[in-house]
Amino acid sequence: MHHSMSFRAIRVVAAYEVERLARSPHGGAVLLLFVSLYGWAAYSLRRIVDSVPGGSGVDLDSDFAKAVASFVGGAVELSPDALTDTFRDHPPLLVAVFALSLMLTPLLAILLSSDQTATDIRTRHLRFLLLRTDRLSLYLGRAVGTLGAFAIAQALATAAVVLALSPSRVGGADGALYLLRGYANVLLLAVPCIALMAALSALTAHAARALMLAMAIWVVLAIAVASTGTDFEFLRFGFPTAGKYRALSDHLGDLAPLLGFQLAYAALALGLGFVAFRRRDL
Amino acid sequence: MSAVPPIVELRGVTKRFGSLQALAGVDLELHAGRILGLVGPNGAGKTTLFSVLCGFLRADSGTVRVAGNLVDTAHPPARGVVGLLPQDAAFRAHMPVGRQLTHYAELAGMDRAAAEADARAALERVGLAGSWKSRPRSLSHGMGKRVAIAQAILGDPRLVILDEPTAGLDPHAARELKAVLRVLREGRTIIVSSHNLSEIEDLCHEVAILHRGAIVRHDSVVGLVGSAAEIGLRLALPPTDAQIRAIEGLALVVQVRWDPSAERLRVHFDPTKQRADVACRDLVAHLVAQQIPFVEIQIGKSLEERFIEETGAPS
């Protein structure tokens, strides 16, 4: 009987991928970048916190706060009310950590996931694997394993930032739950990024080229959207970062479309990538 | 003809890469327990044939069956049936050898403990038990080949394909590897390709000659090299006319010819009247009696000579 996709094989491939990333210079370099960026973030936040005596003390209903919410909300695709509610309902420090994570995640996820199948195609290492498992299990297992490695790195980074800021500022059980929700949203943002890289990795068969191509798509689409105005705003949906800051909102009207977009993008990218991977002569 | 279906069966298999016809209607059968040597000039299609057989490449036409099942890229051979030593595949540079082999065995369906035990056993069989924690980049080329062979025999597959196992090895490493292959061939079905024809002659039961994408000859080693009614002699010195005439005078001899390009004396006899071993014995007795020093004697032609005859070009 021919072998077909199996969840066991996906689990075996994924566990191995986490270990492989942890041992590889590439994985080590991305982890170092995680530590550096989140370390810088923790240091900056600590300085801000230490410079404000007696907590935030900001009146969110003041005209000044509303003007800031309107300005920042436009930049992050949130209504001023949603942004004000976010700061009213959650510890501002954790909101800042959450926003920083959303900002850094696409870059870190793309860097970590650029070599899912590329080097194995190029060096024909896949020939050692494909007599023992099917292409779909291998392809999905690599993506799942990369997501697992990202999840571990993100958890460590978040924990390190909280420790650096002092756990007493997290805000008890509510704050811990908010952190957990933020962590889940960050992982959801990583999913389409990793899916995009699964596809580019299989298409290019070269990790560095896959990375360059992803960056090029990101930059070109951003420039295209900025320079063509609202008529071509749909172009921003060509990259998985579209609307990512909507995850900061507690409103279902912001979260549901974002979740739908991220899952649809991931499914489409994974699907197209697998078509390329399956058709490849290996 | 055996009633048992062949473990490998190819019918009319073709594969083209652009203008290059890599396989041009390959027909091949191999039964369980046999060792087949696949030889052919560079670019003859050997690696392409293996790739089609393993389901890495899709044939343009024809059918490929392994252990009775049709094979293509969507339907590779059933898990655990085929083990492959690819010619040009690389291990992951930074993962320890033992961990990589364990991973392959896990993918083949074993649990972690069984996979690790199988990986250790395979490494031991190729004489590299001490390399469990080594990184592939720290191994010599010969050791890397042996690790790749250990990988090919994980899970004890029914068919093992070895694509140029000794290519690029120095004579010492090649000899060590051949010793490993001699042990491994017991009780297995193996297809091995090599440019080293004496190695094929030494290891295999059958030989298939692949030329321009087609099998031009498939026979037992004895059938291929021993069918000629000829004894080849390598003499210490080129023979004199008198020595040639003396050999021509022997009762068994039909013709004697000095081949200066191969530096061999070709002695042809009538196989219907004289068995090859008897003819060889009588010829040796004559050489000893006449004090003609010789350094090598061979019944029939070498595989290399037969290969050149069949393909019309040196390998």
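Predicted model: local features only at pLDDT ≥ 70, side-chain atom pairs only at ≥ 80, totals over all residues.

Visitor: Does A:Leu147 count as buried or exposed?

Guide: The cut-off for a buried residue is 20 or more other C-beta atoms within 10 Å of its own. A:Leu147 has 22 C-beta neighbours inside 10 Å, so it counts as buried.

Visitor: What distance separates the C-alpha atoms of A:Leu147 and A:Ala14?

Guide: Along the chain, A:Leu147 and A:Ala14 are 133 residues apart.

Visitor: How are α8(A) and α11(A) oriented to each other?

Guide: Helix α8 covers residues 135-165 of chain A and helix α11 covers residues 252-279, and their axes come within 10 Å. The axes cross at roughly 135 degrees, and the crossing is right-handed. Angles over 145 degrees would count as roughly antiparallel and 65 to 115 as roughly perpendicular. The two helices α8(A) and α11(A) are therefore oblique.

Visitor: Which residues of α11(A) meet α8(A), and what classes make up the contact?

Guide: From α8(A) come A:Arg135, A:Leu136, A:Tyr139 and A:Ala143, and they meet A:Leu270, A:Phe274, A:Phe277 and A:Arg278 in α11(A). By class, this contact has two charged residues, no polar ones and six nonpolar.

Visitor: Stepping back, how many helices and strands does chain A have, and why is it as compact as a globular protein of that length?

Guide: Chain A has eleven helices and zero strands. The globule rule gives 19 Å for 282 residues, and chain A is as compact as a globular protein of that length because its radius of gyration is close to that, at 20 Å.

Visitor: What share of the contacts in chain A between residues at least 6 apart in sequence join residues at least 24 apart?

Guide: For background, buried residues make up 41% of the 282 residues in chain A. Of the contacts between residues at least 6 apart, the share joining residues at least 24 apart is 80%.

Visitor: Which element gives the largest share of the side of chain B that touches chain A?

Guide: The contact takes 22 residues from chain A and 25 from chain B. On the chain B side, β6 (82-85) and α2 (97-107) are the elements that give two or more residues. The largest share, four residues, comes from α2(B).

Notes:
Residues numbered from 1 in each chain as written. Chains lettered and ligands numbered in written order. Rg over C-alpha atoms; globule rule 2.2 N^0.38 Å. Buried ≥ 20, exposed ≤ 12 C-beta atoms within 10 Å, placed from the backbone. Contact = placed C-beta atoms within 7 Å. Axes fitted to C-alpha atoms, helices over the stretch in contact; angles between N-to-C directions. Parallel < 35°, antiparallel > 145°, perpendicular 65-115°, else oblique. Left-handed = near helix turned anticlockwise from the far one by under 90°. Nonpolar A, V, L, I, M, F, W, Y, C, P; charged D, E, K, R; others polar.
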